[in-house]
Amino acid sequence: MQGAGYCERLDGAFWAEPLNAVSNAAFLLAALMAWRLLRRASRRDRPAEALTMLVAVIGVGSFLFHTMPQRWTLLADVVPIQLFALCYFGLALSRFLGLSPLAAALGALLFLAACFGLAAGLSSLLPAGMRGSGGYAGFLTGLAGVALAVRLRGDAVTAARIALAGLVFALSLTFRSLDSVLCGAVPFGLHWGWHLLNGLLLYLLLRAAILAPRAG
């Protein structure tokens, strides 16, 4: 059964992961807060608007997976997350670092390929219960790299916002990684913390993009 690897799930019932399911509201809240920030902006920001809607889709997809763990709901969970990472990195290269749209798109594709390569390399090094977290190591590295590049470019405020998001992501990744490891000590698991902190992470990333001065 897909999803049985989460500590909270003991059977195939719809509400077998109540905390993992309900905690997806964090993504919807993040999207709502980002949308309110967009409404207060002085001009339209279509890339950020699209990413904001994608955050809401992430919440819905993750809810479906943690209530009905099947192959199609797994895709509904994973694909929007991967798409957000790809698109946000491309936006960061363009908006924060001033790359052309073509260069930003190529850079985003190379970034995603590097993430998959790093995940494959870590899969043989991590314990079985933590291998799923290895796929996100590249995202954490990417946030650190973007924060450093933006800081070197001279935008200390945006760099600090991205760095804060990276710290939140490091904490959320810790929750995800320890979910199965501490299952005996925490019977309801820690995956819900991954959802709550990732909701905060995505809001911080959207806020950084919305408030950042346009490079060029």
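Predicted model: local features only at pLDDT ≥ 70, side-chain atom pairs only at ≥ 80, totals over all residues.
**View 1. The disulfide between C7 and C183.** A disulfide joins C7 to C183, with an S to S distance of 2.0 Å, and the link is right-handed, with 95° about the S-S bond. The pair connects distant parts of the chain, since C7 belongs to the segment before helix 1 whereas C183 sits in the loop between helix 8 (156-181) and helix 9 (191-211), 176 residues apart. C7 counts as buried, at 6% relative accessibility, while C183, at 28% relative accessibility, counts as partly exposed.

**View 2. C87 and C115, two cysteines in no disulfide.** For C87, the nearest cysteine sulfur is that of C115, 13 Å away. C87 counts as partly exposed at 36% relative accessibility. C115 likewise takes part in no disulfide, the nearest cysteine sulfur being that of C87, and C115 is buried, with a relative accessible area of 3%.

**View 3. The salt bridge between R9 and E17.** The structure holds four salt bridges, and in the one formed by R9 with E17 the closest N and O atoms are 2.5 Å apart. Both R9 and E17 are buried.

**View 4. The salt bridge between R95 and D45.** The side chains of R95 and D45 meet at 2.7 Å, N to O. Because R95 lies in helix 4 (residues 71-95) and D45 in the loop between helix 2 (25-40) and helix 3 (46-67), the pair ties together parts that are 50 residues apart in sequence. R95 is buried, with a relative accessible area of 6%, and D45 also counts as buried, at 4% relative accessibility.

**View 5. The network of R39, R44 and E49.** Salt bridges that share partners join R39, R44 and E49 into one network.

**View 6. A nonpolar patch on the surface.** F14, W15 and V22 form this patch, and together they have about 320 Å² of accessible area. Of these residues, V22 lies in helix 1 (residues 18-22) and is exposed, with a relative accessible area of 53%.

How values were computed: Residues numbered from 1 in each chain as written. Heavy atoms only, no water. Patch = residues over 30% accessible without salt bridge, like charges linked within 9 Å, V, L, I, M, F, W, Y side chains within 5 Å. Areas by Shrake-Rupley, 256 points an atom, 1.4 Å probe, with all protein chains shown as cover. Helix = DSSP H or I, 4+ residues; strand = E, 2+ residues; numbered from the N terminus. Buried < 20%, exposed > 50% of the residue type's maximum accessible area, 1.4 Å probe, protein only. Disulfide = S-S within 2.5 Å.
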